[in-house]
Amino acid sequence: MALPLPHPALAAADPELAALVGAEELLQADTLRLIPSENYVSAAVLEASGTVLQNKYSEGYAGRRYYEGQQNIDQVERLAVARATSLFGVDHANVQPYSGSPANLAVYLAFARPGDTVMGMALPMGGHLTHGWGVSATGTWFRGVQYGVRHDDGLIDFDQVRDLAVKERPKVIFCGGTALPRTIDFAAFAEIAREAGAVLVADVAHIAGLIAGGAHPSPVPHVDVVSTTTHKTLRGPRGAMLMCREEHAKAVDKAVFPGLQGGPHNQTTAAIAVALHEAAQPSFRDYAHAVVANAKALAAELLARGFDLVSGGTDNHLILIDLTSKDVPGKVAAKALDRAGIVVNYNTVPFDPRKPFDPSGIRIGTPSLTSRGLGTEHMAAVAEWIDRGVAAAAKGDESALAAIRAEVSDLMSAHPAPGLPA
Ligand SMILES: Cc1ncc(COP(=O)(O)O)c(C=O)c1O
């Protein structure tokens with residue numbers, strides 16, 4: 001049985017908190033994490049994010065700060081920016097956004113005014129809250145118009161995107177999302193944005209690592225701004241970046257600071273720099289392609305077991321399962337799978353007749369299991385566990401879930417995760 005990692009100072013100063021951290025380390029080590037927006041950072045990224053860079057205030061940008069003592073911090077931020085521009089082939093990168101939601105808010109601040117029309121994919125169709133959805137600030141301070149996917153094939157309805165964009169003339173169009181299993185056609189969005197006179201933003205939070213590793217086409221030649229978190233497939237710390245062509249650099253920087261934020265989180269900037277360095281290695285290309293190969297293999301195994309997948313499968317790291325035909329609500333399935341050591345999230349599916357807090361689907365993905373070294377040869381076992389887990393959820397069969405739990409534990413102990421107890 002693995003032991004928690006040593007945190008001697010924390011254990012001495014605050015044993016209660018240290019125990020919680022240790023328990024989380026063991027939980028992450030011992031469970032199969034299928035949440036597509038999660039990953040395991042390397043020990044190096046983890047170390048960088050826990051450094052004394054934490055102690056420094058650095059409002060402004062390298063060479064233009066409002067605090068002294070930036071001899072090292074400026075270099076850290078310059079390194080992160082240089083690595084981002086090189087990896088993604090962009091003119092300009094801002095590595096300061098605290099996370100994906102503030103990054104997107106900064107985009108609105110840069111290119112729209114309160115009350116302006118903005119456009120994005122509807123949340124229940126796979127878009128993100130910050131793409132103008134009603135309950136988000138982006139849907140209350142702006143007038144959000146929303147596109148979706150087609151009923152018959154689950155793919156983005158580009159006729160609807162064009163009609164809406166031409167009719168509504170949004171200032172900003174977001175493409176990308178949080179539950180999209182298929183390749184995003186950035187060129188098609190760009191043509192529509194040009195026609196509508198809108199700024200086009202690709203939110204690649206989910207697929208940034210796939211883009212960096214050459215396993216998904218890049219939006220860079222097509223869009224005005226790229227927004228991404230750094231903690232999903234990119235395997236960095238919790239943070240975000242905005243990237244753009246030189247012509248938008250000033251507007252983006254001004255929106256992040258002083259528009260929206262104060263001092264950047266320098267320890268996160270450092271960890272982003274490390275993650276970008278890791279993502280530039282040849283092994284990361286292998287990782288990105290393995291994530292997709294695993295997802296395709298898992299999708300095929302699930303289809304073979306009679307699961308309905310939104311859009312019929314996947315091109316990337318993510319699979320959206322509609323459990324309607326299995327007669328198990330998504331939430332019931334997700335909670336049962338959690339008891340079996342398989343961590344997923346319940347999710348709406350397009351045109352879901354059920355409520356968002358009790359939807360029809362579950363969303364799974366392969367970034368984390370690929371980081372543990374699992375390959376296509378393991379995907380039949382993963383699909384089988386999901387199948388048995390969902391059947392057990394339908395019958396309330398706790399002993400079947402316990403049996404899966406033990407099998408999951410065995411496989412996880414044979415494949416330790418980066419940065420976690422082995
Ligand atoms: C597409 C997309 N954009 C933005 C975000 C927001 O990121 P954060 O949770 O870091 O605010 C997410 C998070 O899930 C996302 O999937």
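Modeller: In strand E9, the side chains of Val225, Ser227 and Thr229 point one way, while Val226 and Thr228 point the other way. All of these residues are buried, where buried means under 20% relative accessible area, exposed over 50%, and partly exposed in between, with a 1.4 Å probe and protein chains only. In a regular strand the side chains alternate between the two faces of the sheet. E9 spans residues 225-229 and is mostly covered, with five of its five residues buried. Strands (E, at least two residues) and helices (H or I, at least four) are DSSP runs, numbered from the N terminus.

The model is predicted, so local features need pLDDT of at least 70 and side-chain atom pairs count only at pLDDT 80 or more, whereas totals for chains, interfaces and linings use all residues. Residues are numbered from 1 along each chain as its sequence is written, and side-chain values use heavy atoms, leaving out hydrogens and water.

Now the neighbours. Two strands pair if DSSP finds at least two bridges between them. Strand E8 (residues 199-203) pairs with E9 in the parallel sense, over three bridges. Ala202 has Val226 of E9 as its bridge partner. Strand E10 (residues 240-244) runs antiparallel to E9, and five bridges join the two. Here Val225 has Cys244 of E10 as its bridge partner.

Next, the charged pairs. Side chains of opposite charge can pair when their charged atoms come close. A salt bridge is a side-chain nitrogen of Lys or Arg within 4 Å of a carboxyl oxygen of Asp or Glu, and by this rule the count comes to 20 salt bridges.

One of them links Arg65 and Asp74, with the closest N and O atoms 2.7 Å apart. Both Arg65 and Asp74 are buried.

Asp315 and Arg182 also form a salt bridge, at 2.8 Å from N to O. Asp315 lies in the loop between strands E11 (308-309) and E12 (318-322), and Arg182 in the loop between strand E7 (172-175) and helix H8 (186-196), so the pair ties together parts that are 133 residues apart in sequence. Asp315 is partly exposed, with a relative accessible area of 23%, and Arg182 is partly exposed at 23% as well.

In a further salt bridge, the closest N and O atoms of Arg339 and Glu398 are 2.9 Å apart. Arg339 is in helix H13 (residues 330-339) and Glu398 in helix H16 (residues 398-414), so this pair ties together parts that are 59 residues apart in sequence.
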